[in-house]
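Have a look at the structure first, then read on.

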Amino acid sequence: FVGYSPTANVVPSLGRPTSLTTSVTPKAEQSVAYKDFIYFTVFEGNVRNVSEVSVEYLCSQPCVVNLEAVVSSEFRSSIPVYKKRWKNEKHLHTSRTQIVHVKFPSIMVYRDDYFIRHSISVSAVILRAWITHKYSGGDLNVKWEENLLHAVAKNYTLLKTVPPFERPFKDHQVCLEWNMDYIWNLRANKIPQCPLENDVVTLLGFLYASSGENTGIVKKFLRFHNRELEATRRQRIDYPVFTVSLWLYLLHYCKANLCGILYFVDSNEMYGTPSVFLTEEGHLHIQMHLVKGEDLAVKTKFTMPLKEWFRLDISFNGGQIVVTTSIGQDLESYHNQTISFREDFYYNDTAGYFIIGGSRYVAGIEGFFGPLKYYRLHTLHPTQIFNPLLEKQLAEQIKSYYERCAQVQEIVSMYTSTVQQGGGRQEACDLQNSYLDLKLRYGSPSTCRAFPWEKELKDQHPGLFQALLEMGLWTVPRNQNESVLEIGRRIFEKAVKRLSTVDGLHQISSVVPFLMDSSCCGYHKASYYLAVFYETGLNVPRDQLQGMLYSLVGGQGSERLSSMNLGYKHYQGIDNYPLDWELSYAYYSNIATKTPLDQHTLQGDQAYVETIRLKDDETLKVQTKEDGDVFMWLKHEATRGNAAAQQRLAQMLFWGQQGVAKNPEAAIEWYAKGALETEDPALIYDYAIVLFKGQGVKKNRRLALELMKKAASKGLHQAVNGLGWYYHKFKKNYAKAAKYWLKAEEMGNPDASYNLGVLYLDGIFPGVPERNQTLAGEYFHKAAQGGHIEGTLWCSLYYITGNLETFPRDPEKAVVWAKHVAEKNGYLGHVIRKGLNAYLEGSWHEALLYYVLAAETGIEVSQTNLAHICEERPDLAKRYLGVNCVWRYYNFSVFQIGAPSFAYLKMGDLYYYGHQNQSQDLELSVQMYAQAALDGDSQGFFNLALLIEEGAIIPHHILDFLEIDPTIHSNNISILQELYERCWSQSSEESFSPCSLAWLYLHLRLIWGAVLHSALIYFLGTFLLSVLIAWTVQYFQFVSASGSRPTPARSSSDPPAPTASPAVTPAADASAQDRPTVTNNAEPRE
């Protein structure tokens, strides 16, 4: 620029004259060539409220002098805070000086106070000045930016900024009211602690087993609290700058068109930026949403590695995308590709949610996700990213597992193929020949009629070879994958048969190798058994790492109990699993979506999940089998035409309830008999349903409709709903379907509520032209409150995504509702039933085994039942379990929703007395007893009172918890009276109870103490009174046989078993779809 000196590269000092200025001609007379210059001096180097600046300048033509102060912060730059300009038309060719008082905003100069609530921190303050000639674009009406472009001379200097808490307070010359001034002075010298916030988000910190199905992890970003960060995020909506870094272990490429890795779903349920998928060929499919509303996708040139841990880094910088894959812990570079676009991407990461893995729109990958970090406002080179593979040992174990399993599957596959093709005898041949070498050389097996394996290979897998030799392989499917899975199933069943013997637990260490081979063959029930054995130390050395390995492997293989185990451990954050509700939801929702499908499948090892407690003798008495007294009596009554007996018998056989094996064919016979011989509407309806669906009987829609109408005419709301289902499914008459459903909904039918929600969700409700997700959500919620499984799943989905205003995002509630549905799964019910049957038969080893398997899924009733078994047989628990059984499972149960009061009493006892390695903790003991009391258990009140009698102090928050006002009950005597009175009122005893006697004894002591003042008389009187009370207690116990008085802090007789139900109403997921669209495939329920 004109007037710049040769020393223009010198950095100016703070507040002092800089050398970045024009040469100055001191006097006009010394030269006829006048050059414009401007030069200023700041008298104070720091930023002040009013800074005095001396501006010296010379104009060769009529000019305009401009002075501007510009500030910058970490996230915003070049913000003008002061501007001044003036003309100089008369004093030309002469150096002039003008004093300017630059005024800076108070929020830059002073500390926060009552009036200045948000002072700002600035990183740089630049004071700049320039001259423009009036006739060369320098008029006063010209914008500042344009004016600067026509400058003939300019200069700048830096002012030193002052940190916010080093600044002075401003004297506002205003008086506050005394109360406001006092409150402010209390806070004036406190430095507020701003929450640490940056743009780095850890979306996943632990390994996630992705089964390749339509469930995954849902994450949602919130707006930044920091105003600068949020402003930057908003500015980049049309210019995305972010980086994604995640670890992956792929088992297979996508079996469908696309499989989800990480993708954004916006508020309209459409894919947004970014959306990353895996293709059938192993390439990455990266999709972006454009500002103009369209979508754009690109596919990488390279493929992803299989069965190797690798880190995938994707960075967006405007229209440029950089994709990098690095293999292994040392991040050995594998592939790198840069893709550039001219289009503007639309990127708003708070207007929707992210999904890791699968969803109802697309299936997830088959494999494992490792740590996933998301840099919301930065684009980074892979070397700048800090995202290590944290669970290194576990990751290495996973890799080793699949390497070993590849060898096992190869052996099984070749062995099976040889048997089926060659028909040879299954006996050993010359061990020096190599079957694998012959296979590679000649393309066919040896002429030997047996199988020449190398000795080293046999030594590595002795159990596998032995199992194969003993197994008849002629009936194994010829498809390779199916044959390997079938052999895994047979190996597992052989191992379980050994575990079901009288000393089954003693056999565990010997069957572990067989379970490992079964797991490698893809039969992941074996994986779950191994996970439980290692996690609990069930007759094997306890190994948390191996337990995690097999639990993750089972979850990846879609084993229901493994997924529930993983969901429970992440829900509670126990056994070294991190607390992560979104990750827990991913596992639970997978099983929850399968539960209604499993219930309508008549095959498989399933049983109805019943809440049966081993402490409840009355419930145990009615458990039966096909040859049991209860079943035979029901059968007798049903044969005589008793409609209630027919319905109960049919339900027991259809669902496998009350200890009866599942037998749909026999159940349908009773449904038919009851429907055709009686006028019972429930039986008529049940038989109509099986005729509609053809479950165990030939479909007969005409007869089914006739029966359904007959049941509806008798006022059965299920049948009214069924008519709506008929007109929706078969006639596509939505108006008539809605009419019946509205009627059934008024009658209180939850299926009808769900079906109405489906109509609104699909946009086919009569008279409503478009979808209404809000009304659909309301109907789903009403259905969920009535126990409807699919309605519960939809509500769970709404809570995890937070995309509906009526369902604010609540991951914990989403997990609770999904867990509630998953725990109704029939495969879990089968395990629980086997444990119960073994207990009833006195097979302690088998009962302990199956209850451990069920308890580790996180279902509360099995946890308390297992703890009860360990109390009954402490020798068995101590010998075979590597954990403190009673403590572990009672402790787990009290953290469940709907835990029974006796579990709280047991934990209170364990805290009171101490248990093995657990020391006494009176405070926790009081909390447990208080919770039991709040649940209406008189023993809880009684134990709290005994603690007070022993000198314990009940904290005020516990009294508030029990709704006992400390201001009214200010002393221990008053609190004791209240506790004993509540204990008496909650007691189920018909005659005198320990609570009533304790209350009576307390009042007699008070009366006696008030009457007798002499110490000697008081002592003798108390002694005689105690003898009288003791005799009275014994007398009433003898007369009423009401049981002995409980010892202090011990739980009394067990209360009736409560119904297990979540504290919040249940909720649910959606059906699978290919991609986000405006239609949903929710199916109405009959």
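**Cysteine notes**

1. Cys-521 is buried, with a relative accessible area of 4% (buried is under 20%, exposed over 50%, partly exposed in between, with a 1.4 Å probe and protein chains only). The closest cysteine sulfur belongs to Cys-520 and sits 7.0 Å away, too far for a bond.

2. A word on the ground rules: this is a predicted model, where local features need pLDDT of at least 70 and side-chain atom pairs count only at pLDDT 80 or more, while totals for chains, interfaces and linings use all residues. Residues are numbered from 1 along each chain as its sequence is written, and side-chain values use heavy atoms, with hydrogens and water left out.

3. How many disulfides are there? The count comes to 4, taking a disulfide as a pair of cysteine sulfur atoms within 2.5 Å.

4. Cys-405 pairs with Cys-520, S to S 2.0 Å. Cys-405 lies in helix H5 (residues 392–422) and Cys-520 in helix H10 (residues 508–520), so the bond ties together parts 115 residues apart in sequence (helices are DSSP runs of H or I, at least four residues, numbered from the N terminus). The S-S torsion is about -65 degrees, so this disulfide is left-handed. Both Cys-405 and Cys-520 are buried.

5. Cys-59 and Cys-63 are joined with S to S 2.0 Å. Their torsion of about 70 degrees makes the disulfide right-handed. Cys-59 is buried at 0% relative accessible area, and Cys-63 is buried at 1%.

6. Cys-254 and Cys-259 are bonded too, with sulfur atoms 2.1 Å apart. The torsion here is about 75 degrees, so the disulfide is right-handed. Cys-254 and Cys-259 are both buried.

Key. Helix = DSSP H or I, 4+ residues; strand = E, 2+ residues; numbered from the N terminus.
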